[in-house]
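Please consult the sequence and the model shown here.

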Amino acid sequence: MRKILVLHNSLNSCGGGERVCLHTIKALQEAGYRVVLGVVERTDWDRVLSLTAVRLEEIPEEFYILRKLRTFGIYQRFFTIFHYLKKRADLIINTHGDVLPLPAHITYMHFPTFALTENPYAYSKYQSSLFWRAYFEPYRILQKLNMFTIRRSVILTNSSYSRDMIKKYIGAESIVVHPPVDLKDYLELNSDNKRDQVITISRFSPEKRLHLIPYIARQLLLDNIDFVLIGSTSTPIYRRYYRKVTAVRDKLGVENLKIIPDAPHEVKLRELEKSKVYLHLMKYEHFGISVIEALASKCIPVCHASGGIWTDIRMCYFYITEKEIPDLILKALDDYSQFPFTDYFIKEFSDEKFRERMLKVVECVLSS
């Protein structure tokens, strides 16, 4: 049985990158490979599997370096290289996507992270202050010094937008393999339960611009439109931003906005089932898994006209400035019965399609 080592810094943030890792593991297990997981932070499997709703055949053999990440998180991603050096494997897949001193056979690069301070359209906290720029600069330099290794890897990425950024900043070609969306639960929701409700699902991270939601909800209070915000608070930064968003809501006295931190999967499904509109506020999103989940749940996405949502998904109502959002939400509600939800289009982004495409790449690399 061939052994495949999957590298990821931490699964505990339960975001899109973590789903890529989990579904990669699932695909390999289903194909009969022996999967070993190398992480920096020990995985809280009960929490991760509950929040992501990914169903693995078995928990993989896991090797970790730290029980819990505390500080210098981006630098600790480099520690995954120790698993590379110690665990013999027929194939190594890097799903966190950072450039490492040694090349993995396959790298799923969500976005060239070092370019976050170079690309004016990619918002990052590392641009937000002198402190964060100073913190990030050594990491950016280390990534650039190791650039030659990534060019020796088969690079996968999440959208044609990210593919263009990888070409621009790394000078390498990459293959678009859209991230996995587990559609089954969403497609089975009862659309008869819909009401004039707007939902946002996101981690509580500043680049997601969730602090704008109380202002938007207040503008639509008299229109009897409810808002629901569901988000992850898995890190201290997320928890601070969560407190900021709730403080803005309370200060404005917004009664039509419900905020649910760390909601179980079942709660998320229940709120999606009731909602007609999905509001996505991040600019230049690399892909946007939650937008596909919203479409599968028969919610009309209202999104910024940029990033992977603009290049690869398209089936949304797009805004350019924040001032357009309230009117666009009202338009989406008015147009709801005529919106062309298409299951065939949505299923092209399914977790099954991801696993099928990932396995093709793995088998091609193993046979070369």
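Q: In which order do the strands of the open sheet of 6 strands lie?
A: This is a predicted model, in which local features need pLDDT of at least 70, side-chain atom pairs count only at pLDDT 80 or more, and totals for chains, interfaces and linings use all residues. Residues are numbered from 1 along each chain as its sequence is written, and side-chain values use heavy atoms, with hydrogens and water left out. Strands are DSSP runs (E, at least two residues) and helices likewise (H or I, at least four), numbered from the N terminus; two strands pair if DSSP finds at least two bridges between them. The pairing in this sheet is parallel, and the order is E10-E9-E8-E11-E12-E13.

Q: Why is one side of strand E10 and of strand E13 left without a neighbour in the sheet?
A: Strand E10 (257-261) and strand E13 (317-319) each have a single partner strand.

Q: Which residue in E9 stands opposite Val-198?
A: Strand E8 (residues 197-203) and strand E9 (residues 226-232) are paired in the parallel sense by 7 bridges. Opposite Val-198 stands Phe-227.

Q: At about what angle does helix H11 run to E8?
A: Axes are lines fitted to C-alpha atoms, for helices over the stretch in contact (heavy atoms within 4.5 Å), and angles run from 0 to 180 degrees between N-to-C directions. Helix H11 (residues 265-274) lies across E8, E9 and E10, and its angle to E8 is about 145 degrees.
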